[in-house]
Amino acid sequence: MARTILPFGPQHPVLPEPLHLKLTIENEIVVEALPTLGYVHRGLEKLCEVRDFNQMVQIVERVCGICSCLHALCYCEGIEEIMGIEVPRRAKYLRTIWGELHRVHSHLLWLGLFADAFGFESLFMQFWRVRERIMDIMEATCGNRVVVSVNVVGGVRRDLSPEQCQWIEQQLIISEKEIRQLQTTILNDYTVKKRCCGKGVLTKEQAYQLGAVGPMLRGSGWAQDARQTGYAAFGELGFEPIVEYDGDSYARCAVRFRETLQSFDIVRLAIARMPAGETAATVDSGSDDDTPTTITGNRGNIIQSYNRDKHHHITAAPPPNLDIPAGALAAKVKGKPDGEAVTRVEQPRGELMYYLKGDGSKHMDRVRIRTPTFANIPPLLAMLPGCELADVPVIVLSIDPCISCTER
Amino acid sequence: MFNMTKNVVANLFAKSSTRLYPFAVRGHFEGFRGTLHINIDECIFCRTCMIKCPSQCIAVDNKAGTWTCEAMSCVYCGVCVDVCPTGCLSMTNDHRQVATEKQTMSYQGVPKKKKKEAAE
Ligand code: SF4
Ligand code: SF4
């Protein structure tokens with residue numbers, strides 16, 4: 001049988017992301033898929049050498065447009081762990097609220113795109129209409145629709161007033177009603193099921209062996225979610241992951257749909273339990289020299305200090321001098337992170353991991369980001385062989401690829 | 001079938017769900033980080049904004065007394081507004097106007113704010 005190699009992407013009508021796959025097809029059946037990564041590499045990790053650790057918050061937010069808040073949250077938690085900063089409880093709750101709102105809007109975006117992948121354009125439009133309400137909440141509470149810039153090392157930059165909380169709850173009630181109206185269509189419709197059920201099956205064992213994360217993993221029957229580790233306020237709120245067992249595109253769609261509704265509940269719970277008080281810690285552990293960062297990038301110094309501290313890994317940070325003014329909104333964290341930390345948060349697409357290494361200067365020595373899509377590409381390659389060419393867009397979209405964050 | 005009839009009837013009498021754009025424009029919420037403004041008279045040229053800006057689009061020359069912002073590189077994070085000691089930076093909740101000339105935008109910066117202060 002003659003084989004044809006078909007390039008799929010980087011620019012493809014159904015994919016919003018520049019994923020490039022080389023598909024070997026035999027009679028419309030995919031026999032092999034090879035990914036090519038690096039098309040949109042931006043070199044954001046390298047920027048840690050020229051921007052100080054506070055400025056990196058804004059940079060890591062721009063790794064991904066859809067889950068910017070969670071990238072910043074993960075980074076800030078890492079720096080806080082290295083420097084031993086205690087985040088005020090209210091800030092943790094606010095981080096949770098914005099993080100979950102991000103999950104809602106990301107899942108709604110995905111549900112719309114997924115509907116679009118099999119040509120159901122009115123469903124796409126309906127999901128995006130609901131999403132617009134969530135974007136409004138973001139704009140009204142954070143100051144921007146997508147890249148919210150609310151997290152800073154030590155806390156958050158904005159607060160929610162009681163009126164805003166009330167307004168958010170009202171908006172959530174309306175959106176939830178609108179989403180529930182779409183439930184029968186996305187989960188029970190004959191044509192939708194025809195396009196998703198049994199497509200791109202990832203068995204429970206495969207999901208484990210290939211290291212799938214997020215809805216991919218939970219769609220294959222594993223109850224694992226980084227929110228169980230209790231970052232931000234999840235330790236106090238409690239969390240139960242949502243699991244489906246079929247492992248096909250439909251199961252992943254159902255996981256995301258149910259997670260959207262679950263996130264509404266988490267936001268409501270967090271608003272109800274949010275303690276009053278300050279939103280940011282003020283920490284001053286060491287001097288902060290304000291040399292302009294425009295002329296830095298002093299790699300030589302970084303390497304020197306790295307060699308000096310070669311054998312020293314996890315440094316106990318000096319006890320920060322905690323001075324939390326009541327009602328402070330802007331965190332002022334001074335000092336130089338020294339030590340390493342690994343943090344994990346659950347992004348809409350799965351588990352996000354940051355490895356941070358500070359070398360006692362105001363620049364980080366290393367900021368390593370592992371995005372969930374990176375972990376989900378090997379399972380994707382296992383799912384594609386054997387499927388029809390027409391199902392490739394649906395299967396690729398069912399992992400919710402975010403190639404721009406993977407390539408950073 | 002009944003579900004569909006209900007929807008059809010509801011849609012017949014519902015009002016438009018999209019905005020009639022040129023006549024109805026979506027406003028922005030209070031606190032939206034739109035355009036950056038500076039009240040140059042209050043600026044003390046301390047260069048804090050230049051040091052803290054993550055995109056390094058601000059250039060402050062404390063000798064000549066100039067404050068320059070590459071508006072096209074500004075990412076509207078609002079850090080400079082937070083750190084300015086005199087509070088002379090502010091953000092209004094409207095977008096920067098669309099510019100027609102790309103070159104002018106990227107090389108000169110359209111809302112470039114410059115002012116010589118009589119600094120001795
Ligand atoms: S921080 Fe404020 S006062 Fe200082 S240079 Fe910038 S605008 Fe001027
Ligand atoms: S808003 Fe942010 S990017 Fe823009 S000038 Fe201010 S600090 Fe720089």
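Q: What makes A:C402 and A:C405 a disulfide?
A: In this predicted model, the sulfur atoms of A:C402 and A:C405 are 2.5 Å apart. A disulfide is a pair of cysteine sulfur atoms within 2.5 Å, so A:C402 and A:C405 count as one. Local features need pLDDT of at least 70 and side-chain atom pairs 80 or more, while totals for chains, interfaces and linings use all residues; side-chain values use heavy atoms, without hydrogens and water, residues are numbered from 1 along each chain, and chains are lettered from A in the order written.

Q: Why is the disulfide of A:C402 and A:C405 called right-handed?
A: The torsion about its S-S bond is about 105°, which makes it right-handed.

Q: How many disulfides does a search of the whole structure find?
A: The search finds 1 over all chains.

Q: Why is A:C69 called buried?
A: Buried means under 20% relative accessible area (exposed is over 50%, partly exposed in between; 1.4 Å probe, protein chains only). A:C69 has 0%, so it is buried. B:C74, with 14%, is buried too, as are A:C402 and A:C405.

Q: Which residues of helix α2 of chain A make the contact with helix α3 of chain A?
A: Contact means heavy atoms within 4.5 Å. On the α2 side the residues include A:C69, A:L73 and A:C76, and on the α3 side A:W98 and A:H102 are among them.

Note on methods:
Helix = DSSP H or I, 4+ residues; strand = E, 2+ residues; numbered from the N terminus.
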